[in-house]
Amino acid sequence: MIDKKTKFRRLVYAAFVLFWMTAPLYLNKYFIDVLNNVALYAVLGLSLNIILGYGGMFHMGHAAFYAIGAYTTAIINIQFGVPVLLIMPLAGMMAGLFALVVARPIIHLRGDYLLIVTIGLVEIVRIALINNVFGITGGANGIFGISSPSIFGYTINGIVHPHHYYYLLTAFLGITIVLFFLLEHSRFGRALRYLCSDEIAAEGSGINTAGYKLAAFVIGAFWAGMTGTLYAAKITFISPESFSFWESVVMFMIVILGGSGSIPGVILGAILIIGLPELFQGLQQYRLFIFGIALVIMMIFRPQGIIPPKPPKYPVNRLDKSEVVL
Amino acid sequence: MEIFFTQLTNGLAVGGIYALIALGYTMVYGVLKLINFAHGDLFTIGTYLGLSLLTSLAITDKLGPVAGVILLAVMVMCLVGIVGILLDRVAYKPLRTSPRLSAVVSALGASIVFSNAIMLVYGPSTKVYPHDILTTRVLDIFGLPVPVMRLVILLTSIVLMIALYGFIQKTKIGTAIRAAAIDQDAARLMGINVDRVIMLVFFIGPALGGAAGLMVGLYYGQIKFTMGWIYGLKAFTAAILGGIGNIPGAMVGGLLLGVIESLGAAYISLAWKDAIAFVVLILILIVRPTGLLGERVAEKI
Amino acid sequence: MSLLSVNAITKTFGGLKAVDDVSFQVPKSSIFGLIGPNGAGKTTVFNLITGNYKVDCGSIRFNSEDITGKITHKIVEKGIARTFQTIRLFGKMSVLENVLAGRHCRIRSGPVSAMLRLPKQRAEERRALGKSMAELEFVGLGHEFANIAGNLSYGNQRLLEIARALASDPRLIVLDEPAGGMNEQETAALVDLIFKIQGRGITVLLIEHDMSLVMKACQHLVVLEYGKKIAEGAPDAIKENPQVIEAYLGSDDDVF
């Protein structure tokens, strides 16, 4: 039943999970922190993947949603002392709400126009943060002293004990993978893939394309917002520069290079773009240069990314004859 | 009144620069329907090449400021034009038949490559142009001060734009460019060498961008490898504002955006200056995506 | 009793009247043809009915409900499904997934129930799968379900579009040149299929250039020229109509 390729792929995934789960046993603090960043960006990539990968919308302003989540967390935590993990859903909701408001007028825009508008969006958000909008964002200096998350009274400090934070991020990444996998293989995921393939045909088949695009934005933003909480609580300090346009570019590259619409692809993208440069410290300054070249080469030779999505399987042969009815 | 007038001339000078860069976006878009995201970085290459040539050849010392700067401009334009042709050959030509968005991603990759290449060659810190080349004289027009350089920049941009417009409208090659912009296949059937048209477009657009880059370097003095990004976005906004694919549109859009931005900075808020262009961009795309001078076309189903 | 009634609709594109004051009534359970030379505005009429374009004036009623200006997916939900003249399948997706797209508006579960894999959602998916397979078998593509849609032959792609439209359980199916690109044998099979669709109680509205198909299948025809209705009636009467003959002879189009 299972062919060689599937077997090999499963073996690789299993090895990877094994490595990931045991990494704290043999990796030092520095590399665990690198993996923490990989996990953060993997989740960000997966949340962008809903918009860009499944929905095919060229959204390059994802850092704006990430920023709103992080700032919501920082402000509420500092002002009212609410524990960060409790703020997480609220951070997601704020980002989702923001997406709902800003995406509504722009989702009908064609691919390249949408790209440029979302770039504009993330810049406006950054400028607003620098200008200390509403007097609560701390301006260009940002916000200091965000508390670390705590579970059952046990504080998880992301700077002093990256090992502890590693488990928190791993859990969040795991949950994200499972939920997004289920989402991908559902009516919702299909609808996004239809409208990505041919919007007019999708609408003509009875799919509310505008509604689904908006929903993709809201879900993607919600998740990026929650990731913003974990980021803010990890480094305990945030500033507008952490959410520049380049952050959006990095997330965009993770999805496009890894394989848009593919969960394993996006995770590999995060490993390559966030993790790999750490192994070649001397080449750090060439990082973006090399990724730029990689983008061009990939578009020419393998536009679907390194691990393109697998076509979903449907249990047709498990259907009973009596179920096949008009 | 004086503030208004100062901001107006400033806006027109900056707008002239935006317009020159916008022409590159609009020409490439007109023929290939591609947003050349790397165009802003070609502009930066122009600034840096200008600085290198200026300091290494010391042209202005030998020829005097006016002739020196003109020669420098010609050299920079040619070099940046050649980089533009190479960019098309390497990053866009293999993708002519691919989905349009593949080329957009490739353009983005090229942009990252260019800006980082500049950083690797020249270093990440801000560079400074020699500031004794150009006149700092200020004219007095009806009691209002007008720096000569602003006039020079505005006039140079306008001259270059009119020259381009005349070239496109009056010459045979210009007609070929217009034909290719309307329908590449039909143009090809009429015996027009579309590949050569594209090459020419990728020479002229970047050359104008390079000229703008040199002007910015000479006028503002300080340059940085990331500057092309923000100038590029604003010039793109200008192109959209005027109606992308439309050459007079790029001129109008550029000047208009320059003025809006500099008046906005003076009367609304200096801190929000950069956001003004983005707000204009978003509003125009939502309200009238075809721009001020563009025409609306129905999508064929 | 008419299922669809088109009342004096007009659509202008930049000064050109693509559809000019066109009215007709499609009776329930009929097979109704819209014909005319190239550029007569037939597809535009279809796009107006399905909400892809908005009418400038006039109204469209479906099942005695005003659907003028409604958005396309709402119109599909109300029971009008369509195929496209230039085939618009989801080319890189499987044949089965293409049909599932048509079923989409008849199932309900959203993202949250998908993420939680609720039993209701799973049952619903299973029913949609059964229905889609049945539609594929109905058009004769049952064995192709796992194939990639873009790899099908031209004729089979047209059939797949029909299956996708049928999966939404329409009351009216709008076919835009369903025989385009088909050979004689395939066209003959298509006529049978159209009758089978009618046999399910679904009204058929079609545009077609293949006059033998139109004459065989349709009970009622409307003829357009330059956006205007020039004739209407039973096929035999239309065949003899001097204005229609003039319209067709005056163009390079296929003649009867």
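The second largest pocket of this structure holds about 690 Å³ of space. The model is predicted. This briefing treats that pocket and then the interface of chain A and chain C.

**The second largest pocket**

- Among the 26 residues that line the second largest pocket, A:I68, A:F98, A:V125, A:A128 and A:F134 are the closest to its centre.
- Two or more lining residues come from each of helix 3 (62-80), helix 4 (84-103) and helix 5 (111-130) of chain A, and from helix 12 (273-287) of chain B.
- The lining consists of 24 nonpolar and two polar residues, with no charged residues.

**Extent of the interface of chain A and chain C**

- The size of an interface is often expressed as the accessible area lost when the parts come together.
- Chain A and chain C bury about 3,500 Å² between them, and 64% of this area is on carbon and sulfur atoms.
- On the side of chain A, the residues A:R187, A:Y194 and A:L326 lose the most area to chain C, and together they account for 22% of what that side buries.
- In terms of contacts, 34 residues of chain A meet 39 residues of chain C.

**Polar and charged pairs across the interface**

- Four salt bridges are found between chain A and chain C.
- A:R193 and C:E97 form a salt bridge through their side chains, at 3.1 Å from N to O.

**The side of chain A that touches chain C**

- Helix 6 (162-184), helix 7 (187-197), helix 8 (199-204) and helix 9 (209-235) of chain A each give two or more residues to this side.
- Helix 7 of chain A gives the most, with seven residues.
- By class, this side has 20 nonpolar, seven polar and seven charged residues.

Note on methods
Residues are numbered from 1 along each chain as its sequence is written. Chains are lettered from A and ligands numbered from 1 in the order in which they are written. This is a predicted model: local features need pLDDT of at least 70, side-chain atom pairs count only at pLDDT 80 or more; totals for chains, interfaces and linings use all residues. Side-chain values use heavy atoms; hydrogens and water are left out. Contact means heavy atoms within 4.5 Å. Buried area is the accessible area (1.4 Å probe) that two parts lose on being put together, summed over both. Helices (H or I, at least four residues) and strands (E, at least two) are DSSP runs, numbered from the N terminus. Ala, Val, Leu, Ile, Met, Phe, Trp, Tyr, Cys and Pro count as nonpolar, Asp, Glu, Lys and Arg as charged, and the others, Gly among them, as polar. On a 1 Å grid over the protein atoms alone, a cavity is a set of points where a 1.4 Å probe fits but cannot get out, and a pocket is an open set with protein on both sides within 12 Å along at least five of seven lines; lining residues have an atom within 4 Å of a point. Grid points are joined across faces, edges and corners, and a volume is the space filled by probe spheres set on the points.
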